[in-house]
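Could you walk me through how this fold is put together? I'd like to start with the sheet and end up inside the core.

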Amino acid sequence: MPRFYVDKSICINADKSINITGEDVNHIKNVLRLKAGETLTISDGEGTDYLCHITSLSSEMVTCDIVDIVKNASELKCRITLFQGMPKDRKSVV
């Protein structure tokens with residue numbers, strides 16, 4: 001099932017619908033060729049996934065109705081910091 005990421009404060013409406021705008025509209029309509037009634041998953045980036053049905057598609061916006069709200073279990077509970085050690089200049093290996 002396709003998954004898209006949206007900003008919770010901008011796109012999720014009080015009437016249990018989500019409006020997707022921007023580059024994702026082209027991806028949904030023209031690349032994946034999804035139609036009204038098909039299902040997709042939308043993540044808000046804060047650990048919540050929304051199972052949605054597409055209700056309407058236009059050239060600028062895709063509107064979806066929220067069917068179910070699920071906590072995302074795939075995110076790690078701890079934060080990871082990665083460092084890389086850079087070698088000094090002009091080190092040659094013989």
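What follows goes from the sheet to the helix on it, and then into the core.

Keep in mind that this is a predicted model. Start with the sheet: five strands make an open sheet, ordered β1-β3-β4-β5-β2, with mixed pairing. At the edges sit β1 (3-5) and β2, each pairing on one side only. Going from one strand to the next, the twist averages 40 degrees. β1 and β3 run parallel and are joined by three bridges; within that pairing, Phe 4 has Ile 42 of β3 as its bridge partner.

Next, the inside. The largest nonpolar core has 16 residues, and Ile 18, Ile 20, Ile 28, Leu 40, Ile 42 and Cys 64 have the most contacts inside it. Two or more core residues come from each of β2 (17-21), α2 (23-31), β3 (39-43), β4 (48-57) and β5 (61-71). As a general point, nonpolar side chains tend to be buried together in soluble globular proteins.

Cys 52 lies in strand β4, and its C-alpha atom is 7.2 Å from that of Ile 42, ten residues apart along the chain.

Is Cys 52 buried or exposed? Its relative accessible area is 0%, so Cys 52 counts as buried, the cut-off being under 20%. Among the residues Cys 52 touches, beyond those up to four places away in sequence, are Ile 18, Leu 40, Cys 64, Ile 66 and Val 67.

Technical notes: Residues numbered from 1 in each chain as written. Predicted model: local features only at pLDDT ≥ 70, side-chain atom pairs only at ≥ 80, totals over all residues. Heavy atoms only, no water. Core = buried A, V, L, I, M, F, W, Y, C linked by side-chain atoms within 4.5 Å. Buried < 20%, exposed > 50% of the residue type's maximum accessible area, 1.4 Å probe, protein only. Helix = DSSP H or I, 4+ residues; strand = E, 2+ residues; numbered from the N terminus. Contact = heavy atoms within 4.5 Å. Pairing = 2+ DSSP bridges. Axes fitted to C-alpha atoms, helices over the stretch in contact; angles between N-to-C directions.
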